[in-house]
Amino acid sequence: MSAVARYRPVAAYLMAFALSAAPGLAASATTAPAPRPPEAVYAKTCGYCHGQHVAPIIRGRGLPVEVIEQYVRSGPRGMVAFRPTEISDVELKVLAKWLNASKADPKEKGE
Amino acid sequence: MTGISRRDVIRTCAVGAAMVGSGAFASPLDGPRQLPVHLDKGAFAAAVKELRAVVGAEWVFADPESTLPYAKSFTPDPRHENVPSGAVAPASVEEIQAILKIANKYKLPLWTVSTGKNMGYGCATPASSGQMILDLKRMNRIIEIDAELGTALVEPGVTYQDLRDYLDEHNLPFWLDVPTVGPIVSPLGNTLERGVGYTPYGDHFFMQCGMEVVLADGTVVRTGMGSVKNSTTWQAFKWGYGPYIDGIFTQSNFGVVTKLGFWLMPKPPAFKPFMVRHNAMEDVSKIVDAMRPFRMNNLIPNVVLMMGAAYQIAMFHRREELWDKPESIPDDVVRDFAKKHGLGMWNTYFALYGTDEIIAAVEPIVRGAFEASGGEVLTEKEMGGNLWFEHHKNLMSGQLTLEEKGIMRWRGGGMCCFAPVAPAKGIETQQQTELAKEILGKYGFDYSVAYAIGGRELHHLIFIQYDKENPVEEKKADDCIREMVTRFGERGWASYRTGVNTMDLVAKQYGEANRTLNARLKQALDPNHILSPGKQGIA
């Protein structure tokens, strides 16, 4: 769906819904953010636990892509679940492939 | 440590197969689900259709597979009372207004979250089953950083990581004050829950300044100076004019907060972290009495963490490394393991901030007081490189870490936090410790705690760690926290915050007049009770 088509229904709602006059700031941006590369998602999310003594090392283990995707969305046991609003479906697919093919990082700690 | 087991992989694949199988339903809404009690399937489906028209189909989650990440929780829910029906994720204030209009029409309850990572208290799960999660993560703009005043204005989906990256990218000399799980959580969400951190800016609500709120009828309100035409002081002056209302939107369900202002700590020229090591459980009283004057006169300016050894060990180690029995770990086992890693039974972390001259003047005063309490006062010289010292050094200088998340692996993924407030008096903290150990011992749980020391009080953060995959253990954890809430309450010690499973129980302890006042406010602001019903016990 294009951005314009997607926001048309919102405009219709606003016509019918009283909006108080809030001064100052503009409305939110309407374009979706660009997907982040897998290295960035890993560094800013996964890598805080995995390879830091907190959660198991997952790089260089050839974990199946579908297992990674399921883990991220369901958060088994001690793991947090991540939603598409946090890691998009597109980002997750690329991340899972990247992790599956990744080499072990000798700087990571733990097992 | 157990790592990733073959059993985990097989089980995860099985779950995945089951979820894919749910695609066999003619409509995702035909699948098994937890609906709001007063809403039938047809009305729910109609509401979902209208929500999709507002935010786009991909941002409404109403089938079992896509709802799964919203149902993840570490807290016990043996009666399935905290199961969401789905989620909707708007990208703007205007979309929130449109969503609220639909919710009012269908009486659809919406449980609002910013990033939904409130790990000890239920993550994104609602206080009653069937609520739809109003996920604000997509609203993730850093709207303004004022580099002269050191203020920030952010949306709900901005994380501490986002903010840190922004400050670094623009070379702005400010420190953040982070909660334990900073990288993936929201300053707005944590501040609204009245969470605390580790630096002199550690009382997050105290450092908050101005907010924007969407009320249930769609009205947008800006608090403090934010409603003044052409205002330039929204993030500079907290109190505004007339009744101060920001507080009623914290730990509450009176509106949807869409913007939050707060203050940033200027990076100090010098910073020196300390750890005070005490070796006996009974030392809790001495530590609190030694610390109190320094927190009152602000010679020690930061939120001080007095960490119990069992909690600290759980960050990086598994229970079976110490103890293989179902009953609580004896103190001497914890003490011996801690000692091997440079830790005492209590490890108290504080820091001095300012200039080298200021720190040199204050250090002998605090050092003398803690040595007199029987503690060893340690610095980087003795503790540099120690995992736990480095962890707290990072937190006290506003750096991001998720290391404390390791405690969830102690006993199989279950964890909930009971957080009673204690006055900063040694004798009462000693009594709280004794009562907590007695109740935890009855259920076979370990005394895994941290005391966060504010000006005149302590948050006694007691973490119940259990095996969430074992229904018997889950029931035990639920019984345990309820007994703790009740018995601490009988002594006059109530929680400052609690999980979705005990919100009503704690609300009762604050008395009928308080509950009635909250109910009257709720009725006036949200007559259809669509916003987070049950939040902090407010229907």
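Predicted model: local features only at pLDDT ≥ 70, side-chain atom pairs only at ≥ 80, totals over all residues.
1. The buried residues of H13(B) are B:Gly426, B:Thr429, B:Gln432, B:Thr433, B:Ala436, B:Ile439 and B:Leu440. They span an arc of only 160 degrees around the axis, which means they sit on the same side of H13(B). Turned away from that buried side is the face with the exposed residues B:Ile427 and B:Glu438.

2. What lies over the buried residues of H13(B)? The cover includes helix H7 (284-296), strand S17 (421-423), strand S18 (449-453), strand S19 (457-467) and helix H14 (471-490) of chain B. Two of these, S18(B) and S19(B), come back in the points below.

3. On geometry, H13(B) runs over residues 426-443, 18 residues in total. From first C-alpha to last, H13(B) reaches 26 Å, close to the 26 Å expected at 1.5 Å a residue. After H13(B) comes B:Gly444, and its phi is positive, near 80 degrees.

4. Is S18(B) enclosed or open? Five of its five residues are buried, so S18(B) is largely enclosed by the rest of the structure. In a regular strand, side chains alternate between the two faces of the sheet. Here both faces are covered, with B:Val449, B:Tyr451 and B:Ile453 buried on one side and B:Ala450 and B:Ala452 buried on the other.

5. As for the strand partners of S18(B), strand S13 (residues 304-308) of chain B is joined to it by four bridges and runs antiparallel. B:Met307 has B:Ala450 of S18(B) as its bridge partner. S18(B) also pairs with S19(B), again in the antiparallel sense, over five bridges. In that pairing, B:Ala450 stands opposite B:Leu461. S18(B) and S19(B) make a hairpin, with three residues between them.

6. Now the nonpolar core. The largest one has 171 residues, and the members that touch the most others are B:Val88, B:Ile99 and B:Ile464. Leaving aside residues up to four places away in sequence, B:Ile464 touches B:Met415, B:Cys416, B:Phe418, B:Phe445, B:Ala477, B:Cys480 and B:Ile481.

7. Elsewhere in chain B there is an open sheet of four strands, with mixed pairing and the order S1-S2-S4-S3. Strand S1 (60-61) and strand S3 (110-113) are at its edges with a single partner strand each, so one side of each has no neighbour in the sheet. The pairing of S1(B) with strand S2 (residues 86-88) is antiparallel and covers two bridges. B:Phe61 has B:Ala87 in S2(B) as its bridge partner.

8. For chain B overall, count 16 helices and 19 strands. The C-alpha trace spans about 70 × 60 × 50 Å along its principal axes. A compact globule of 539 residues would have a radius of gyration near 24 Å, and the 23 Å of chain B agrees with that. Buried residues come to 54% of the 539 in chain B. Of the contacts between residues at least 6 apart in sequence, 74% join residues at least 24 apart.

9. Finally, chain A. What does it contain, helices or strands? Chain A has four helices and zero strands, and its elements run α-α-α-α from the N terminus on. Of the 111 residues in chain A, 32% are buried. Among contacts in chain A with a separation of 6 or more, 75% come from residues 24 or more positions apart.

Key: Residues numbered from 1 in each chain as written. Chains lettered and ligands numbered in written order. Pairing = 2+ DSSP bridges. Core = buried A, V, L, I, M, F, W, Y, C linked by C-beta atoms within 7 Å. Buried ≥ 20, exposed ≤ 12 C-beta atoms within 10 Å, placed from the backbone. Contact = placed C-beta atoms within 7 Å. Expected span 1.5 Å × (residues − 1). Arc of directions from axis to C-beta. Rg over C-alpha atoms; globule rule 2.2 N^0.38 Å.
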